[in-house]
Amino acid sequence: TLSKFADYAAEKGVRTISAPAPTAVGVLIEADYLEKLRCADQKATMDYFHGLMSDNVLKVDTFTRLVEHNDEYIYFRTDHHWTGLGAYYAYTAICDAAGFDVVPLEKFEQWDQGEFEGSLYWKAPKSFKLKRDNVIAYVPPGDITSLVSTTSSGGVEAPLLADMTERAINTKYLTFLGTDYALTTVTNNSIPDGPTCIVIKDSFGNALVPFLTQCYHKIYAIDYRKFGGPGLRTLIDTYDADDVIFAPYLIATQAADGNKMFASKAR
């Protein structure tokens, strides 16, 4: 799917970037234990499908970058997502591959959202023994505005990072883009001459998009599970896109339903 789209996009001068998000089991657990857990080698999986893709796809090795930092707090303990810090390291891998300057982490303001009990917490047989997580959002520098829409057009103003400090303990991840909107349009007014990007993402991408504001003037973040608008072949003209980043989490790339959705968006 990515190859067919990338070959089409390249003719229009649009770059296609593949930057899937690995899951915690592949990054945090040593390879010797993966076989015992009957878990696939995620690096081998990514290398396999990237190796089959067209040369017009820019392949980003997010996995290796995250492994380099797997002694840090890059995935939640009680939730299936990466942390804001994990998303930052994926952003650095994208920058290195795509030729963007990496903005140092200290340039982003840390915003502590408080303790968090995520999607896996209540699935554990003795969840009360688990150590709670903590959600840290990283506020990007610049004059940044965002619009959100539950459809494929229009939108209302909403914060790029929502204040969840006083919200329920199981909702804290919603600080990133607020929730899984069909379309989030983000503008960094501080770099008016910057390029435009379309990001095809799921909830992992919610934590990634705020960092990408340092690369692009305009970002159209599309949740492939909810977006019902035109396909990407139309949208790259509508949005005058320079780049399209495919950033689903790795499990979705291996699912039949996920691939059907990617294919429908790429048409």
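User: Which residue is the bridge partner of Ser-18 in β10?
Analyst: Phe-246 is the partner of Ser-18. Keep in mind that this is a predicted model.

User: Which residue in β10 stands opposite Thr-16?
Analyst: That's Val-244.

User: In what sense do β1 and β10 pair, and over how many bridges?
Analyst: Parallel, over 4 bridges. Strand β1 covers residues 15-18.

User: How many bridges join β8 to β10?
Analyst: There are 5, and those two strands run parallel. Strand β8 spans residues 196-201.

User: Zoom out. What is the strand order in the open sheet?
Analyst: The order is β2-β1-β10-β8-β9-β7-β5-β6. That makes 8 strands, with mixed pairing.

User: Which are the edge strands?
Analyst: β2 (57-59) and β6 (156-157). Each of them pairs on one side only.

User: Back to β10. How many of its residues are buried?
Analyst: 5 of its 5 residues, so the strand is mostly covered.

User: Which way do they point?
Analyst: Asp-243, Ile-245 and Ala-247 point one way. Val-244 and Phe-246 point the other way. All are buried.

User: What about the core? How many residues has the largest nonpolar one?
Analyst: It has 76 residues. Among those with the most contacts inside it are Val-244 and Ile-245, along with Trp-82, Tyr-91 and Tyr-216.

User: Which helix gives the most to this core?
Analyst: Helix α6, residues 84-98. It gives 10 residues.

User: What does Tyr-216 touch, not counting residues up to four places away in sequence?
Analyst: Its contacts include Ile-17, Phe-100, Ile-191 and Pro-195. Tyr-216 also touches Cys-197, and both Asp-243 and Ile-245.

User: Cysteines, then. How many disulfides does the structure hold?
Analyst: It holds 0.

User: Now the aromatics. How many aromatic pairs are there?
Analyst: The structure holds 17. In one of them, the rings of Tyr-88 and Tyr-89 have centres 5.6 Å apart. Their planes are at 65°, so that pair is edge-to-face.

User: Are those two tyrosines buried or exposed?
Analyst: Both Tyr-88 and Tyr-89 are buried.

User: How are Phe-204 and Tyr-249 arranged, stacked or edge-to-face?
Analyst: Stacked. The distance is 5.1 Å centre to centre, with 15° between the planes.

User: What does that pair tie together?
Analyst: Parts that are 45 residues apart in sequence, because Phe-204 lies in helix α7 (residues 203-212) and Tyr-249 in the loop between β10 and α9. Phe-204 is buried at 1% relative accessibility. Tyr-249 is partly exposed, at 22%.

User: Which ring does the charged end of Arg-233 sit over?
Analyst: The ring of Tyr-8. The charged end is 4.4 Å from the ring's centre.

User: Last topic, His-50. Where is its place?
Analyst: In helix α4, residues 42-51. His-50 is buried, with a relative accessible area of 10%.

User: What is His-50 in contact with, leaving aside neighbours within four places in sequence?
Analyst: Ser-18, Pro-20, Lys-59 and Val-60.

User: Where does Lys-59 sit?
Analyst: In strand β2. Lys-59 is partly exposed, with a relative accessible area of 27%. Setting aside residues up to four places away in sequence, Lys-59 touches Ser-18, His-50, Met-53 and Ser-54.

User: How far apart are the C-alpha atoms of Lys-59 and Thr-16?
Analyst: They are separated by 8.7 Å. Along the chain, the two residues are 43 residues apart.

Notes: Residues numbered from 1 in each chain as written. Predicted model: local features only at pLDDT ≥ 70, side-chain atom pairs only at ≥ 80, totals over all residues. Heavy atoms only, no water. Phe/Tyr/Trp six-rings, centres within 6.5 Å; stacked < 30°, edge-to-face > 60°. Buried < 20%, exposed > 50% of the residue type's maximum accessible area, 1.4 Å probe, protein only. Lys NZ or Arg CZ within 6 Å of the ring centre and 35° of its normal. Pairing = 2+ DSSP bridges. Contact = heavy atoms within 4.5 Å. Core = buried A, V, L, I, M, F, W, Y, C linked by side-chain atoms within 4.5 Å. Disulfide = S-S within 2.5 Å.
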